[in-house]
Amino acid sequence: MTSACEKAGILIVDDMEENLIALEAVLGPLDQELVRARSGEEALKAMLRQDFAVVLLDVLMPGMDGFETAANIKRLDQTKDVPIILLTGTDADSDYAYRGYAIGAADFLTKPFDPWLLRTKVNVFLEMHRKNCQLEARTEQLADRVAELERTVEGLRKYGAER
């Protein structure tokens, strides 16, 4: 069964083309759909169009920055549970990590990042997404089974009452 769980999307958000290319090169071996967004606005639109297992979000972007984008993602019921990894340059303000975690980011990495470390962190979120999907599917199966059993019990009650 091929499902959205097995091929979860990864949203990469950065206003600089070279950073998007670098992220695609690092994440390519994970064999997941990589969706690009060049702004916070584009990222929000993409998130409303499809489900993602994780978002990699640049902090410093013109217009809606990464913090505002992350806050908007966390504010929407449809997207609030998607983990966000914030990315920023080495000249980052010391309170960036605190601000990121305060708005609900799952992780925070400084560029240049270790490709192996980033791929490993993203893979953890992909695996969590797969497990959550499997759990949801199993919960639905159990709910269907409970409903079936309840119908059977009700049928037996009616049968007993008729006797």
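In this predicted model, helix α2 passes helix α3 in a right-handed crossing. Helix α2 covers residues 40–49 and helix α3 covers residues 66–75. A second pair, helix α1 and helix α5, also has a right-handed crossing.

**Packing of α2 and α3**

- The axes of α2 and α3 lie 9 Å apart, and the two helices pack at an angle of about 20 degrees.
- Because angles under 35 degrees count as roughly parallel, α2 is described as roughly parallel to α3.
- On the α2 side, the contact is made by Gly-40, Ala-43, Leu-44 and Met-47.
- On the α3 side, Thr-69, Asn-72 and Ile-73 make the contact.
- By class, the residues of this contact of α2 with α3 comprise 4 nonpolar, 3 polar and no charged residues.

**Packing of α1 and α5**

- Helix α1 spans residues 17–27, and helix α5 spans residues 115–162.
- The axes of α1 and α5 come within 9 Å and cross at roughly 70 degrees.
- Since angles of 65 to 115 degrees count as roughly perpendicular, α1 is described as roughly perpendicular to α5.
- From α1, the residues Leu-23, Val-26 and Leu-27 take part in the contact.
- From α5, the contributing residues are Pro-115, Leu-118, Arg-119 and Val-122.
- The contact of α1 with α5 divides into 6 nonpolar residues, no polar residues and 1 charged residue.

Terms used: Residues are numbered from 1 along each chain as its sequence is written. This is a predicted model: local features need pLDDT of at least 70, side-chain atom pairs count only at pLDDT 80 or more; totals for chains, interfaces and linings use all residues. Side-chain values use heavy atoms; hydrogens and water are left out. Axes are lines fitted to C-alpha atoms, for helices over the stretch in contact, and angles run from 0 to 180 degrees between N-to-C directions. Helices (H or I, at least four residues) and strands (E, at least two) are DSSP runs, numbered from the N terminus. Angles under 35 degrees count as roughly parallel, over 145 as roughly antiparallel, 65 to 115 as roughly perpendicular and the rest as oblique. A crossing is left-handed if the near helix is turned anticlockwise from the far one by less than a right angle, and right-handed if clockwise. Contact means heavy atoms within 4.5 Å. Ala, Val, Leu, Ile, Met, Phe, Trp, Tyr, Cys and Pro count as nonpolar, Asp, Glu, Lys and Arg as charged, and the others, Gly among them, as polar.
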